[in-house]
Structures are given as C-alpha cells and as structure tokens.
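Let's take a friendly walk through a two-chain model. Please keep the sequence and the 3D view open as you read.

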Amino acid sequence: MTDNRRLRTRWWGAQPIGGLFALPYFVFVLAIFAYPLGFAIYIAFHDYFFTAPGAEVERPFVGFDNFVTVLTDQRVLDAFRNTLVFLVINVPLTAVLALVLAAALNTGIRWVSAYRVAFYVPYLTASVSLVGVWMLLFSGNGLINTILGPLAPDPSWLVNSGLAMPMIALYVTWKQLGFYILLYLAALQNVPKELYESAETDGAGALSRFWNVTVPGVRSATTLVLILSIITGANLFTEPYLLTNGGGPDGASTTPVLLIYQLGIQQQNPDTAAAIGMILVILVGLLSLLANRATRER
Amino acid sequence: MMTTRRRRLPRIVSTILLTIAAIAFAFPFYFMVVGAFQESPTNSPSSLIPTSGWTIGNFAAIDSRIDLVGSLVNSLIFTAGVLLGTVVFGLLAGYAMARLDFRGRGVIWVLMLLVQMVPFQLLMIPLYVQITRNYGLGDSYLGMILPFLINTTAVFIFTQFFKALPVEIFEAARIDGAGEIRLLTSVAIPLIRPVLVTVVLVTFIGPWNEFLWPFLITKDASLQPLAVSLANYISNVAQSTANPNGAILAGATALAFPVVVLFIVFQRFFTATDLGAAVKG
C-alpha cells in the first residue's frame with residue numbers, strides 16, 4: 001500500500017494537482033503557439049490555398065517552390081531592402097540616444113521622474129494614435145512644413161519615396177526610445193561608482209568617462225537593446241500600413257509583415273506569405289546573433 | 001574647486017539635453033490634446049497656443065463616423081478578456097510551476113521559454129486560418145482574445161515571485177490541512193499583491209493598443225476595438241471628410257487617454273524589467 005503510494009508519487013510528483021493547475025496554460029501554448037508554428041512550416045512547403053469550410057482538396061508538397069517564388073519577387077526583395085534601410089537608421093540611433101539620455105538622467109539632476117514620464121509615455125501609447133498625430137505634423141501642409149517654409153521637401157515627407165522609410169525609422173525611434181532609456185537606466189545602476197571615481201582621479205573628463213566607463217559598463221544592456229530593436233524593426237506593420245498609407249509611395253516603405261498581410265490575406269496566397277514569415281524569422285535570428293557577437297566582451 | 005566644476009558641468013549639459021529631448025517627446029502629445037479640442041487644429045507655429053476656438057465637436061464628429069463609445073467598449077471587452085485569462089490561468093500556472101511538484105513541469109518550463117522566441121508575425125497566417133476558418137471565430141470577441149488569452153511574460157513573473165516566497169509558509173499551511181486552491185487564494189496571492197498590480201497594468205496595455213490581430217479578424221465594424229476603427233477612419237474615411245484633422249486628433253486622444261492616465265496614477269508599479277516583452281505580447 002505505502003509502496004504503491006510512493007510509486008505513484010514518484011511518477012506523478014508530490015502534488016499532481018499542479019498538472020491540473022497548469023493544464024489551461026499548457027493547452028493554450030499547444031493551440032496558439034506549437035500547432036500554428038508547425039502549421040506555418042507546413043503551409044510554406046505546400047501549395048496551400050483557402051477553400052470553403054469543409055471542402056476536401058489536395059494541397060501537394062512543393063518543396064522550396066514557395067521560397068523560390070518569394071525570393072524572385074521584386075516586391076519581396078524591396079520589402080527586405082526597406083527593412084535594411086530602417087535598421088541602419090533606427091538601430092544605431094536608438095542605442096546612442098537611449099544611452100546618452102539615460103546617462104544624462106543618471107547624473108543626479110532634478111525632476112528625474114518628470115523626464116521619465118515624458119520619455120515613457122510614447123512607448124505606452126497606441127501606435128495608431130501617435131501615427132495619426134505624426135501624419136498631421138508631417139503632411140504636405142502640416143506644421144513641420146509650415147515651419148520649414150521653402151526648405152520643406154517636395155514631395156512631402158511621407159509621400160516622398162526617399163524619405164518615407166527614414167520617416168518610419170525616426171517615428172519608431174521616438175516611440176520606442178523610452179523603454180530603452182529605462183533599460184539603460186537600470187543597467188547604469190550596476191556600473192561600479194569606484195570606476196568613475198578612479199577615472200576622475202586619473203584626470204579623465206566627462207566625455208572620456210562616458211566612453212571608457214559607461215559604454216563598456218552597460219555592454220550587456222546594449223546587446224539587449226540591439227536585439228530588441230532589430231526584432232521591432234523586422235515586425236513593422238502598423239507604421240507602413242497607416243503612416244505611409246500601405247507601404248507607399250509605390251512600395252517604397254513596404255515591409256515584410258505588410259506583404260505577409262497583403263499576399264497572404266488580401267490576395268489569398270497564404271503559402272508564399274508563410275514562406276516570407278520563415279525567411280524573416282531566420283534573418284532576424286542571424287542578425288541577432290551578429291549583434292550579440294559584435295557587442296560581446298573581447 | 002576643480003572637482004565641483006567637473007561635476008556641475010555634466011549636470012548642466014544633461015539638463016539642457018534632457019529638456020530639449022523631453023520637449024521633442026511631449027510636443028506631439030500637446031499637439032494631439034490641444035488639437036482634439038480645437039475647431040480647426042492649427043498648422044502654423046504662431047497659433048500653437050490657441051486662445052479661442054475651443055470645442056468638443058471633434059469628438060462628436062468622429063463619433064458620428066466610427067461609433068466612438070462602441071469602439072471603446074469593444075477595446076474594453078477585448079482587454080478585460082485578456083486580463084481575466086491572464087490573471088486566472090496565469091496565477092494557477094505560475095503557482096504550479098513555482099510551488100508544486102508534478103509530472104510535466106519541466107516540459108512546460110521549456111515551452112514557456114520557446115514561446116518567448118516565436119514572433120507573432122510568423123504565426124499570423126496559420127492563426128488566421130485556424131481561428132477564422134477552422135474554429136469559425138472571425139468577427140467575435142473570443143477570436144480576438146484567444147491568441148492573447150494567457151500572457152506568458154505574466155506567467156513568468158508570477159512564477160518568479162511565488163518562488164521567492166519562504167517555503168515555511170506553505171509547509172505550515174499544508175500541515176494545517178489547507179488544500180492547494182485555498183493555499184493559492186488565501187496565502188500565496190495576497191503575498192504577491194503588488195506584483196499582481198504590475199502584471200495587470202502591463203497586460204492591460206498590450207491588447208488595448210493592439211492593432212494587427214483585431215484588424216485581421218474583425219470585418220464587422222460594430223465589433224472593432226478603437227485602435228482598429230480609428231485606423232480605418234484615418235486610412236479610409238478621413239479622405240472623404242472636409243476637415244478630418246480635429247476628428248483624427250479626438251480619436252487619438254480617446255485611445256491614448258486611458259493608458260496615459262493609468263501610467264501616471266500607477267507610475268511606481270511600472271518597472272523596466274517587468275514591462276519589456278509583456279507589452280510586446
């Protein structure tokens with residue numbers, strides 16, 4: 001009897017009711033992550049199309065056909081190139097501005113919490129709201145162009161194919177910066193004070209202390225900031241959809257996720273759309289590894 | 001003398017830098033809120049501080065096109081559903097992961113880590129097929145809520161904080177004969193109440209601001225949350241309206257207001273480490 005119970009405990013654990021507690025979450029993860037993930041891979045390697053519910057149709061395995069279709073499609077290549085433009089502007093700008101502002105907040109100035117609120121509120125606010133505001137500010141006869149007068153770009157910011165993607169990059173930098181400032185601010189608390197003091201005794205000026213103590217001291221936070229901003233940049237949808245009116249002008253700000261929506265759902269080609277998704281995830285993974293390596297301690 | 005100067009200068013430079021940045025950050029909000037209450041929001045710098053022309057007509061104008069109140073209610077239902085799922089199932093799962101020894105715990109832990117790495121964008125197409133076509137949940141609150149029902153970051157946070165509680169409390173309660181449900185509701189949860197507030201706040205922001213998913217699965221305007229109906233107004237309706245700017249700013253203000261108020265009131269509960277991935281859903 002006791003032997004039996006011990007055996008049962010060994011197999012099910014001391015509190016098997018825990019399995020029941022965790023069951024809803026387990027089912028959720030299987031249904032919302034594991035199954036769709038497998039399904040995404042299945043779709044990408046098959047000639048998959050939408051059918052009326054219940055209809056039995058053949059969806060043959062097509063190997064890498066969808067990937068070939070995608071990688072020879074100029075729109076797709078453009079979308080990835082646009083993402084690259086975005087990352088080149090957004091990632092360095094985000095890392096530099098966030099660290100500089102966090103270091104400035106950390107110098108013991110007054111009203112730190114007021115500044116923090118100002119920086120943080122855009123991060124918390126819905127992108128749809130803020131995109132609406134930016135659209136008005138940067139429209140053809142908007143406030144920014146009125147101030148610039150004859151210096152205003154023509155065509156205006158959001159409808160200029162050379163400026164549309166940089167504008168999105170700038171917008172996202174502004175919107176997300178508060179979060180990265182807080183990350184750096186937390187990391188700065190872990191930089192030993194003695195390092196600053198000894199640098200000061202050695203006669204290092206403020207700039208030199210920033211470069212030689214602060215920047216190396218927050219290296220691991222920098223890795224995180226780079227990876228998170230790469231992921232954010234790869235997943236843009238709301239901004240090109242709304243701010244530049246569906247990736248305009250003429251596809252100049254189309255992003256992979258916007259294409260996934262346009263190809264997969266609007267034009268009903270889920271197979272090629274799923275292939276774009278997989279390529280995107282692989283590229284993001286590679287870029288993140290690269291960022292991790294570049295910021296690693298030597 | 002030398003050292004005080006060396007310390008003061010960076011502080012002055014910092015203050016100037018931060019003030020410029022803070023103005024750049026706050027200005028669009030100023031523009032949004034003032035414009036929302038102006039008869040015709042200005043495009044000229046000389047009238048940025050308006051003295052007249054105040055109105056609440058913009059809210060009526062946007063309400064006549066997208067049913068502002070109905071959209072806010074939809075946002076609230078979507079958000080409340082996610083909150084309920086995350087708090088109920090998240091607390092149960094977090095408690096089990098931290099405090100109970102059962103078969104399969106290791107598997108769930110690995111799954112939790114994997115979930116954090118799968119981007120929603122990869123799942124977008126299969127989830128869309130699954131939820132609208134297989135389950136027939138397109139244009140329903142349930143379909144909107146389902147992919148966000150249990151926030152994995154919240155489960156993580158709950159697990160970590162339940163783990164940090166002293167083991168003696170649980171042993172004593174178990175000896176007294178308390179069941180695990182009772183232990184959870186009357187011992188463990190009250191002890192992590194501040195964290196619960198943080199998790200609720202952070203979880204609130206995700207679905208409230210979410211655009212892509214509800215946009216994909218709601219075609220019926222009467223079910224759309226405000227983020228979706230405002231986006232539709234901006235991209236479709238506004239072009240055919242004579243003076244849409246005030247209405248856009250009014251809608252933007254209505255969508256932003258609840259989150260900004262929550263943040264300012266509960267500021268001390270927002271910390272960087274907890275916020276991260278949670279907001280990204």
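The report below goes from the ground rules to the chains, their interface and a few single residues.

## Ground rules

This is a predicted model, in which local features need pLDDT of at least 70, side-chain atom pairs count only at pLDDT 80 or more, and totals for chains, interfaces and linings use all residues. Residues are numbered from 1 along each chain as its sequence is written, while chains are lettered from A and ligands numbered from 1 in the order in which they are written.

## Chain B as a whole

Chain B has 14 helices and zero strands; helices (H or I, at least four residues) and strands (E, at least two) are DSSP runs, numbered from the N terminus. The radius of gyration of chain B, 24 Å, is well over the 19 Å that the globule rule gives for 281 residues, so chain B is more spread out than a compact globule. That radius is taken over C-alpha atoms, and the globule rule is 2.2 Å times the number of residues to the power 0.38. Along the principal axes, the C-alpha atoms of chain B fill a box of roughly 75 × 75 × 35 Å.

Of the 281 residues in chain B, 43% count as buried. A residue is buried if 20 or more other C-beta atoms lie within 10 Å of its own, exposed if 12 or fewer, and partly exposed in between, with C-beta atoms placed from the backbone.

## Where the chains meet

At the interface, 76 residues of chain A are in contact with 76 residues of chain B; contact means that the C-beta atoms of two residues, placed from the backbone, lie within 7 Å. On the chain A side, helix H2 (residues 17-44) gives the most, with 17 residues. That side divides into 58 nonpolar, 18 polar and no charged residues. Here Ala, Val, Leu, Ile, Met, Phe, Trp, Tyr, Cys and Pro count as nonpolar, Asp, Glu, Lys and Arg as charged, and the others, Gly among them, as polar.

One helix pair to look at is H13 (residues 256-266) of chain A and H5 (residues 120-134) of chain B, which pack at an angle of about 15° with their axes 10 Å apart. Axes are lines fitted to C-alpha atoms, for helices over the stretch in contact, and angles run from 0 to 180 degrees between N-to-C directions. H13(A) and H5(B) are therefore roughly parallel, the word for angles under 35 degrees. In this pair, A:Val257, A:Ile260, A:Gly264 and A:Ile265 meet B:Gln121, B:Met124, B:Ile125 and B:Tyr128. By class, the contact of H13(A) with H5(B) has six nonpolar, two polar and no charged residues.

## Two buried residues

A:Thr125 sits in the loop between helix H5 (112-124) and helix H6 (127-137) of chain A. A:Thr125 is buried, with 25 other C-beta atoms within 10 Å. Leaving aside neighbours within four places in sequence, A:Thr125 is in contact with A:Leu130, B:Ala256, B:Val259 and B:Val260.

B:Ala36 belongs to helix H1 (residues 2-36) of chain B and counts as buried, with 25 C-beta neighbours inside 10 Å. Not counting residues up to four places away in sequence, B:Ala36 touches B:Asn58, B:Gly246, B:Leu249, B:Ala250 and B:Thr253.

## Backbone details

A cis peptide bond, with omega about -5°, joins A:Asp154 and A:Pro155. A:Pro155 lies in the loop between helix H7 (143-148) and helix H8 (164-188) of chain A.

A:Trp111 is not a glycine, yet has a positive phi of about 55°; A:Trp111 is partly exposed, with 13 other C-beta atoms within 10 Å.

Key: Angles under 35 degrees count as roughly parallel, over 145 as roughly antiparallel, 65 to 115 as roughly perpendicular and the rest as oblique.
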